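Colleague: I am new to this structure and would like to learn how to read it. Could we go through it feature by feature?

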Amino acid sequence: MVTSMTTPIVEVRDLNKSFVLHLIDGRTISPVQSMSFTVFPGQHFLIWGRSGVGKTSVLKCIYRTYISTSGSILYHSAHHGVIDMTTIPERVVLQLREQEIGYCSQFLKVLPRVSALDIMTEPLRRMGMDKEQAREQGSAWLTRLRIAPHLWQASPVTFSGGEQQRINLGRAFIGKPRLLLLDEPTASLDSGSKQIVLDLIHDAKAHGTTVVTVSHDIDTLSTLADQQLAL
Amino acid sequence: MTDVASWVLNVTGLTKRYGLGCPRCAESTGPDHGSSQCPFCQTVHACVNAGFTLYQGEVLGIVGESGSGKSTLMQLINLTINPTAGEIWYREPTQDSTAMNLVTMDGFTRRHFRNDRLGIVHQRPELGLNMRFSVGGNVAEKLLLANWRHIGRIRERITELMIQTELPPERIDDDPNTFSGGMLQRVQIAKALSSNPGLLLLDEVTSGLDLSVQARVLDLIRRIQWEQKMTMLLVSHDLGVIKQLARRTIVMKNGFIVESGLTDQILEDPQHPYTQLLVSSAL
């Protein structure tokens, strides 16, 4: 851990997440129990473990898709100082999602009418890039992700699982977020595509992006991990 | 950096009650009792103590079953009905603009404000359009009420709006009864956008349209939102529609806001029992 002397970027402190299932007689399930870890800037932080141990839940708590039950998630923001992701206003969360924090879910969820190229360029357009430049960059990324040019105008809904996942990843990396949360990035990918994921993470780190990955695919990802947490 | 993005609409304590109310209303209505009508005095509490803030360029979704008060809330903001209590503050999305309380405005200012600064699209086109006027006449009506006076300029604006909303501009003088349901929604959208409103209200705009037409209307709304950074309040009972357009969502039941949050949080980690039921009921 060469970076342990610097200021952290994410500090998860005694995090708990429970779901109260009101439709099933108020039953409570608690996938995340008193979890603590610290991520430093520029690191690739890998959280691994078998399915059902709350890997995705932690990630979604950081991104605020889930409301944490207790504990804190301190994020050292570039624009907002040190903030607790579990309590800051939604307004700030939305700003952070646009400017600093990227999230890549396990599956691509898109409208079936939007082309692969438009999906790739959307994050850039949101950041204010003009159409031509965004298209240029989007095309370069699609090439890099090994998506055949004749598919660029089609919706990824019709693509294979691996192609969809590559688009999904590309869309998360293209905007070069400051912190990138990846949920099972190598699932449903063949070995060649897994290499693309490793290259993407490697390059993102070179740009200064901090990557937090949750995965069960430790064989592929551990080679690139600066720090690991087993659940 | 737009750290403190300017708000456009700030609603506090907004309440609409039909009836006089009685001391037992509070303990016998609302989501915990499954009804907005008091069993003792028959008063309907259509919207109780609603509060939220809408920011410039944002789409806020309001979801709930019929009778939850979402349309009442919309009508209150559209100034078609008067609240029993509460305030609706509006601010132009420009710097150093002063906020105004729409509730206390005098009738004249209110009418002008409604035509000039608000746009609304109703579920049923006949609510938003006068079916005896031509398509162009309907749009012109709003522009005239918003103090547009030059007929040539008005026609020019209508043509521009028809192109923008994917309507054939050569049909400007046609009878709206000859238009399809999806086209009528686009006429309503053209009308709503005509005065460049600061806030667009969308009330179940795609309900009752067939799926492919729904998709086109939603795509149009998404494009307008993107291109004009239009601030919108979107009422729908359809979580799919909300998910496509709104990044924040309010959930209503029996006149009350029972939950509000980021749309992905509402869908993936709903807190209130009713929201959990709603999410689990998705087709």
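Colleague: What are the ipTM and pTM scores of the model?

Modeller: This is a predicted model, and it scores ipTM 0.91 and pTM 0.92. For chain B, the mean pLDDT is 93, with 98% of the residues at 70 or more.

Colleague: How many helices and strands are there in chain A?

Modeller: Chain A has seven helices and nine strands. Its C-alpha atoms fill a box of roughly 50 × 45 × 40 Å along the principal axes.

Colleague: What share of the residues of chain A count as buried?

Modeller: Of its 231 residues, 40% count as buried. Contacts can be read by sequence separation as well: among those in chain A with a separation of 6 or more, 69% are between residues 24 or more positions apart.

Colleague: Now a single residue. Where does A:Arg125 lie?

Modeller: A:Arg125 belongs to helix α3 of chain A, which covers residues 116–126. In space, A:Arg125 is 9.5 Å from A:Gly175, C-alpha to C-alpha, although 50 residues separate them in sequence.

Colleague: Why is A:Arg125 classed as partly exposed?

Modeller: Because 16 other C-beta atoms lie within 10 Å of its own. A buried residue needs 20 or more, and an exposed one has 12 or fewer.

Colleague: Next, the sheet. What holds strands together?

Modeller: Strands of a sheet pair through backbone hydrogen bonds, and the pairing is either parallel or antiparallel. In chain B, six strands form an open sheet in the order β6-β7-β8-β3-β9-β10, with mixed pairing. Its edge strands, β6 (118–121) and β10 (256–262), each pair on one side only. From one strand to the next, the twist averages 15 degrees.

Colleague: Which helix packs on the sheet?

Modeller: Helix α2 of chain B, residues 70–77, does, and it touches β3 (59–63), β7, β8 and β9 (248–253). The direction of helix α2 makes about 150 degrees with that of β8 of chain B.

Colleague: How many bridges join β7 to β8 in chain B?

Modeller: Four bridges join β7 (residues 199–203) to β8 (residues 232–236), and these strands run parallel. Across this pair, B:Asp203 stands opposite B:Val235 of β8.

Technical notes. Residues numbered from 1 in each chain as written. Chains lettered and ligands numbered in written order. Predicted model: local features only at pLDDT ≥ 70, side-chain atom pairs only at ≥ 80, totals over all residues. Pairing = 2+ DSSP bridges. Helix = DSSP H or I, 4+ residues; strand = E, 2+ residues; numbered from the N terminus. Axes fitted to C-alpha atoms, helices over the stretch in contact; angles between N-to-C directions. Contact = placed C-beta atoms within 7 Å. pLDDT = per-residue confidence, 0-100.
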